[in-house]
Amino acid sequence: MLADTLLREVLDASPDAILVVDDAGVIRDVNERATTMFAWHRDEMVGLGVDLLVPFQHRARHAELRAEYALRPRARPIGHGLLLHGERRDGSQFPAEIALTPWQPADYGSMVVCTVRDLSRFDRWRSMSMARVEAAEAERTRMAGELHDDIVQRMVFIKHRFTTLRSTEGLSGDDDRLLELSSAIDDTIASIERVCRGLTPLELKHFGLSFALRILFREYSEAGFAVHCNLIDVRRDLDPAKALAVFRIVQESLANARQHSGADEATVTLTGDSGWIEVEVRDAGVGFDTAAIGSSGCGIGLLGMSERAAMIGGVFEVRSCLGSGTGIRIRVPVAEHATA
């Protein structure tokens, strides 16, 4: 064993599993939580290849990743680590977050300290939260449908009847009162349609995330808040729940920027690769003290965006300070769980 009595007590007090692995991928020590998490006895785990704790289908890739990590070891703190699945001794699997820290003990070769957090409870919470979000989105869709199919159609009928009566009654087309009434009807129809699009972005379903975002940006620009964008074309088969969550976060970020930043423009960047997409919304407005927001209990909108990101396995980040604008960033895995 690598640890003395005091260090052993500290390791065993950790709520997360801790494994010490050498550069050959052999487990050299574990804490008590690791034995319960993976359902192995300590004596059996020490000397075991760490790849055996990874689901069978990912073991070959995991070995490659270990070799790559050994060439450039660096700390991956918990919360920004790898989203994987662990495999227990009986073959059952559980979602896990892995953090890695290189370690060079005095009397041993290069080691890596692996911290493993079981996300089973988080997955259950995420499933329940997703169900609530889906129910809310379904209600939004229902309301948007009723507004469009009922109220808008009634307004169109009123406009048609008004136009017909003005023509048949020979009313002057130059009458300011009639022109004002006609314009009010048109504005009401356009307003209701904007509300419908805000409730449920139909473009997202039919044309994908990038297209739906461009429609959103155009509406903001037409309302006097310019949105500059640099978007990759996100494929249309992106998981609908993830696409909707990203759309809602961008929508909320722009609403906050227009209402609170004092700026009249923002920039949205959407980048990605085969494994991730990343979106950043940035303004050059007044900014705010992120620590003060957190301690005051304000920032409900930020909390909601963070929870949306967490529910789809994403990483949410806010950067702001007084006088220096605000940046909102979300990084979302394309697949359900990254294998790297």
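1. Which residue has its charged end over the ring of Trp 40? It's Arg 89, placed 4.7 Å from the ring centre. (A charge sits over a ring if NZ of Lys or CZ of Arg is within 6 Å of the ring centre and within 35 degrees of the ring normal.) Look for a second case at Trp 276, where Arg 331 lies over the face, 4.4 Å from the ring centre.

2. Before going on, some ground rules. This is a predicted model, in which local features need pLDDT of at least 70 and side-chain atom pairs count only at pLDDT 80 or more, while totals for chains, interfaces and linings use all residues. Residues are numbered from 1 along each chain as its sequence is written, and side-chain values use heavy atoms, with hydrogens and water left out.

3. Now the overall picture. The protein has 11 helices and 10 strands; helices (H or I, at least four residues) and strands (E, at least two) are DSSP runs, numbered from the N terminus. Out of 340 residues, 39% count as buried. Buried means under 20% relative accessible area, exposed means over 50%, and partly exposed is in between (1.4 Å probe, protein chains only).

4. Next, find the open sheet of 5 strands, which has mixed pairing and runs in the order E6-E7-E8-E10-E9. Strands E6 (226–231) and E9 (315–320) are at the edges with a single partner strand each, so one side of each has no neighbour in the sheet. From one strand to the next, the twist averages 10°. Two strands pair if DSSP finds at least two bridges between them.

5. E10 pairs with strand E8 (residues 276–283) in the antiparallel sense over 8 bridges, and Ile 277 has Val 332 as its bridge partner in E10. E10 is mostly covered, with 6 of its 8 residues buried.

6. Helix H8 (residues 209–222) lies across E6, strand E7 (265–272) and E8, running at about 160° to E6. Axes are lines fitted to C-alpha atoms, for helices over the stretch in contact, and angles run from 0 to 180 degrees between N-to-C directions. Contact itself means heavy atoms within 4.5 Å.

7. How many aromatic pairs does a search of the whole structure find? It turns up 3 aromatic pairs. One of them is Phe 207 with Phe 211, a tilted pair with 4.8 Å centre to centre and 45° between the planes. (Rings of Phe, Tyr and Trp, its six-membered ring, pair if their centres lie within 6.5 Å; planes under 30 degrees apart count as stacked, over 60 as edge-to-face and the rest as tilted.) Phe 207 is partly exposed at 46% relative accessibility, and Phe 211 is partly exposed at 36%.

8. Finally, is Ser 14 buried or exposed? Ser 14 is buried, with a relative accessible area of 17%. You'll find Ser 14 in the loop between helix H1 (5–12) and strand E1 (17–22). Leaving out residues up to four places away in sequence, Ser 14 touches Asn 31 and Arg 33. Arg 33 is in helix H2 (residues 32–38) and counts as partly exposed at 29%.
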